[in-house]
Amino acid sequence: MSRKRIHQRSDTTEADVVDALTRDVPEIAFDIIQIVRVAIDGRQCKVAVTTEQPGVCVTGACVGVRGHRIRTIAHELGMDNIGIVAYSAHIETYLTNAIIARGAHPLSVHIVDAPGQVARMVFDAEDRSIGPTQFARAIGTRGSNVRLASALTGWSIYLCTPLCREGHCVHPGATSLRVAS
């Protein structure tokens, strides 16, 4: 069965993403997996999912074998990428799950202001391999990864390096920045 591409531009809505996931992921259609939130930034998207059923891998079910399900849905919607994020009621875990991109894992997550929903995440900024640093991966292309993670979680996320001290951030290649402490 051939699928028609719904959108050629970045005019995909949250409802479009929910409809496509519900149609193409049986675990969502049968309410085994629930969609918590959808965040869209241009042609990039992140979707938080959860389940109450033990033994179900929410990300694996949505992504499919070798990513086939999610690539098909992304293509159908005209999206470059749809990231599936495991929701967690534990905010540090949820923030970590939302920001992880291409191997970028935070060294630490600090809740700066819980009522104001502000968090600071520390990433390694040392260049240990070919390609972007963990810090650069967390930021994403033109800031898209951190914007999506913030929109998905509803939290303001400040990215820092281990060089950040006493409210001043030092990011390699950038000037010193003042951050929430």
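Modeller: The account below begins with the overall fold, turns to the charged side chains, and ends with the nonpolar cores.

The model is predicted. The protein has seven helices and eight strands, and buried residues make up 41% of its 181 residues. Among contacts between residues at least 6 apart in sequence, 56% join residues at least 24 apart. The protein exposes about 10000 Å², of which carbon and sulfur atoms supply 53%.

Side chains of opposite charge can pair when their charged atoms come close. The structure holds five salt bridges. One of them joins Glu 76 to Arg 23, with the closest N and O atoms 2.0 Å apart. This pair links distant parts of the chain, since Glu 76 belongs to helix 4 (residues 68–77) and Arg 23 to helix 1, 53 residues apart.

Arg 43 forms a salt bridge with Asp 80, and here the closest N and O atoms are 3.0 Å apart. Because Arg 43 lies in the loop between strand 1 and strand 2 (44–50) and Asp 80 in the loop between helix 4 and strand 3 (81–86), the pair ties together parts that are 37 residues apart in sequence. Arg 43 counts as partly exposed, with a relative accessibility of 26%. Salt bridges that share partners join Arg 23, Asp 24 and Glu 76 into one network.

Asp 16 is found in helix 1 (residues 14–24). Asp 16 is buried yet has no salt bridge. The nearest side chain of opposite charge is that of Arg 23, 8.2 Å away, while a salt bridge requires the nitrogen and oxygen to be within 4 Å. The side chain of Asp 16 does reach the backbone nitrogen of Thr 13, at 3.0 Å.

The nonpolar side chains complete the picture. In soluble globular proteins, nonpolar side chains tend to be buried together. In this model, the largest nonpolar core has 23 residues, and those that touch the most other members are Leu 95, Ile 99, Met 121, Phe 123, Leu 152, Ile 157 and Leu 159. At least two residues of this core come from each of helix 5 (91–99), strand 5 (118–122), helix 6 (134–139), helix 7 (144–153) and strand 6 (156–160). Helix 5 gives the largest share of the core, five residues. Apart from this core lies another, of 20 residues, among them Leu 21, Val 25, Val 58 and Met 79.

Not counting residues up to four places away in sequence, Leu 152 touches Arg 37, Val 38, Ala 39, Lys 46, Val 47, Ala 48, Val 85, Tyr 94 and Ala 98.

Technical notes. Residues are numbered from 1 along each chain as its sequence is written. This is a predicted model: local features need pLDDT of at least 70, side-chain atom pairs count only at pLDDT 80 or more; totals for chains, interfaces and linings use all residues. Side-chain values use heavy atoms; hydrogens and water are left out. Helices (H or I, at least four residues) and strands (E, at least two) are DSSP runs, numbered from the N terminus. Buried means under 20% relative accessible area, exposed over 50%, partly exposed in between (1.4 Å probe, protein chains only). Lys and Arg count as positive and Asp and Glu as negative; His and the chain ends are not counted. A polar contact is a pair of N or O atoms within 3.5 Å; within protein, one must be able to donate a hydrogen and the other to accept it, and residues adjacent in sequence count only if both atoms are side-chain atoms. A nonpolar core is a set of buried Ala, Val, Leu, Ile, Met, Phe, Trp, Tyr and Cys residues joined through side-chain atoms within 4.5 Å. Contact means heavy atoms within 4.5 Å. Accessible areas come from the Shrake-Rupley method with a 1.4 Å probe; for residues, only the protein chains shown count as cover.
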